[in-house]
Amino acid sequence: MDPIEEKIRRIQGGEGGLYSDVIRLYQQRIYLYCYRLLNNKEEAEDAVQDILIKAYQNIGQYKPQADFTSWLYKIAYHHCLNLLRRQKFQQQVRKLLRQEVTEKSAEQMAQNRLFSEPVSAALRKLDVEDRNLLILRIYEDKSFAEISEILGVSTATVRKRYERTREKLKKAIERREKQLWASVN
């Protein structure tokens, strides 16, 4: 049995202290995943804490048929998706109320400059599902089968969506590079 699966089985059996090992193993990976989805350091840090707590609270529902890592990423994905939906709703409410958005902090402006390269700009233009698919496949190095398990769709669907998303991203990068080239000339 996989060592992490053995730890999870023991945690489910009442050895809650072992969960600190799970936190040490996954905290940084889940943080990077959340950061890539949310594009905000503080939100990603908060999300990791919430996700790890949620996973611990629901550890009894985990079934060993699925890979624990996939189960944890599924929790992370849904948590981040809910945060992004909430942000979108809040932005819509602000627009309705005609509230002015506060000035961006120096850190936010530096982050925006850091992520303003063509690939990051193109990634931001993708919808959250497409962006998530690319992040899982490219940055998190997940197999199509693992992504299928996380998203709850067939492997064939994941492969098809991945190819379509790659093509969208490629076109968006090409457009962005042309815009940048035109502004230089």
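This briefing walks through the fold, the charged surface patches and the salt bridges of the structure above. The model is predicted, so local features need pLDDT of at least 70 and side-chain atom pairs count only at pLDDT 80 or more, while totals for chains, interfaces and linings use all residues. Residues are numbered from 1 along each chain as its sequence is written, and side-chain values use heavy atoms, with hydrogens and water left out. The protein chain has 9 helices and 0 strands, and a search of the whole structure finds 7 salt bridges.

**Overall fold**

- From the N terminus on, the elements run α-α-α-α-α-α-α-α-α; helices (H or I, at least four residues) and strands (E, at least two) are DSSP runs, numbered from the N terminus.
- Of the 185 residues in the protein chain, 36% are buried. Here buried means under 20% relative accessible area, exposed over 50%, and partly exposed in between (1.4 Å probe, protein chains only).
- Take the contacts between residues at least 6 apart in sequence: 64% of them join residues at least 24 apart. A contact means heavy atoms within 4.5 Å.
- The protein chain exposes about 11,800 Å², and carbon and sulfur atoms supply 51% of that area. Accessible areas come from the Shrake-Rupley method with a 1.4 Å probe; for residues, only the protein chains shown count as cover.

**Charged surface patches**

- Patches are made of residues with over 30% relative accessible area and no salt bridge, with like charges joined within 9 Å and nonpolar side chains (Val, Leu, Ile, Met, Phe, Trp, Tyr) within 5 Å.
- Lys and Arg count as positive and Asp and Glu as negative, whereas His and the chain ends are not counted. The place of a charge is taken as NZ of Lys, CZ of Arg, CG of Asp or CD of Glu.
- Glu42, Glu45, Asp46 and Asp50 form a negative patch. Asp50 sits in helix 3 (residues 41–57) and is partly exposed, at 37% relative accessibility.
- A positive patch brings together Arg124, Lys125, Lys170, Lys171 and Arg175. Helix 6 (118–125) and helix 9 (155–184) are the elements that give two or more residues to the positive patch.
- Helix 9 provides the largest share of the positive patch, 3 residues; Arg175 is found in helix 9.

**Salt bridges**

- Side chains of opposite charge can pair when their charged atoms come close. A salt bridge here is a side-chain nitrogen of Lys or Arg within 4 Å of a carboxyl oxygen of Asp or Glu.
- Glu6 pairs with Arg9, with the closest N and O atoms 2.5 Å apart. These two are 3 residues apart in helix 1 (residues 3–12), so about one helical turn separates Glu6 and Arg9.
- Both partners are partly exposed: Glu6 has a relative accessible area of 25%, and Arg9 one of 44%.
- Lys7 and Asp21 also meet in a salt bridge, at 3.4 Å from N to O. Because Lys7 lies in helix 1 and Asp21 in helix 2 (residues 19–38), the pair ties together parts that are 14 residues apart in sequence.
- Lys7 is partly exposed at 27% relative accessible area, and Asp21 is partly exposed at 22%.
- A network of salt bridges links Lys7, Asp21 and Arg24.
- Arg10 forms a salt bridge with Glu15, the closest N and O atoms being 2.8 Å apart. Arg10 is partly exposed, with a relative accessible area of 32%, and Glu15 is partly exposed at 36%.
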